[in-house]
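Reader: I am new to this structure and would be grateful for a close look at a single part of it. Please describe that part and its surroundings in one connected account.

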Amino acid sequence: MLIWLDDHQPQGTDMTRRSAVSRWLFAPVSVLVLGLVGCASEPPVPTGDELFKQAKQHYFEYRTVTNDIQALIHEGPWEADIGSYGMQPSGAGCDDDSYAFDFTRTTRLPEEGQEELGSRVLDYLDKNGYEVEGQELGSGRSQSLDLIVRKQAPFSQLMVTLIGNGSVLVTAKTACWPGDEDELSELMFGDVNLSQGYLPDQESPTDPLFFGVTPGKPAFMSETAG
């Protein structure tokens, strides 16, 4: 806001002079405002130990939720695919210098009881403050019930699918967090080749959570891995 300071000038003061005073008063204010705007900046993107620490915290937070949901449905082993095990950082769908985790687990149960399982999951999500969308498709053994959480921390999307034939699918895409995916992957895995069996191809929700690799420790190996 511009405040005039020349109230006591004699009548008949030239308007050109008044305009000049206006410009003189306004100029430093503009510089000040621009300077303040220039000072506002986003926090620096985490790197090194801080990046690893934050990523581990995010991982354990979202995996706690998915594991709780899995345990409500089935405590035994679930199938885990290496491509979406849930620990590999990915920049897909994120802005530059940010990453997310993609998670998929599947299992097969007796065909009856899908409704009860859906109620358990819905109660858990509701008690933990999540808003859930429900969707039913198909009929008979191919009928599916989807329980979906969208854009609620720490998830971009979380979905539980219960199919009439007994198949169950839990998928999650986390929110995007600041950090370079390649640097984080190097910090977590080094030169380990994940396709050679480090990550498990089966996992129970009660198994201890881990993050990254520990040098010198044996890798998880599938039954068919050499």
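**The disulfide and the strand beside it**

Author: In this predicted model, the count of disulfides comes to one. The bond joins Cys94 to Cys176, with a distance of 2.0 Å from S to S. A disulfide is a covalent bond between the sulfur atoms of two cysteines. The angle about the S-S bond is -80°, and the link of Cys94 and Cys176 is left-handed. Cys94 belongs to the loop between β1 (78-80) and β2 (98-99), while Cys176 belongs to the loop between β7 (167-174) and β8 (177-178), so the pair ties together parts that lie 82 residues apart in sequence. The two cysteines may also be described by their accessibility. Cys94 has a relative accessible area of 15% and is buried, because buried means under 20%. Cys176, at 36% relative accessibility, counts as partly exposed.

Strand β7 deserves attention next. Seven of its eight residues are buried, so β7 is largely enclosed by the rest of the structure. Strand β3 (residues 102-108) runs antiparallel to β7 and is joined to it by seven bridges; here Asp102 stands opposite Lys173 of β7. Strand β6 (residues 155-163) also pairs with β7 in the antiparallel sense, over seven bridges, and Leu158 has Ala172 in β7 as its bridge partner. The hairpin of β6 and β7 has three residues between the strands, and in this hairpin Gly166 takes a positive phi near 100°.

Definitions and conventions. Residues are numbered from 1 along each chain as its sequence is written. This is a predicted model: local features need pLDDT of at least 70, side-chain atom pairs count only at pLDDT 80 or more; totals for chains, interfaces and linings use all residues. Side-chain values use heavy atoms; hydrogens and water are left out. A disulfide is a pair of cysteine sulfur atoms within 2.5 Å. Helices (H or I, at least four residues) and strands (E, at least two) are DSSP runs, numbered from the N terminus. Buried means under 20% relative accessible area, exposed over 50%, partly exposed in between (1.4 Å probe, protein chains only). Two strands pair if DSSP finds at least two bridges between them.
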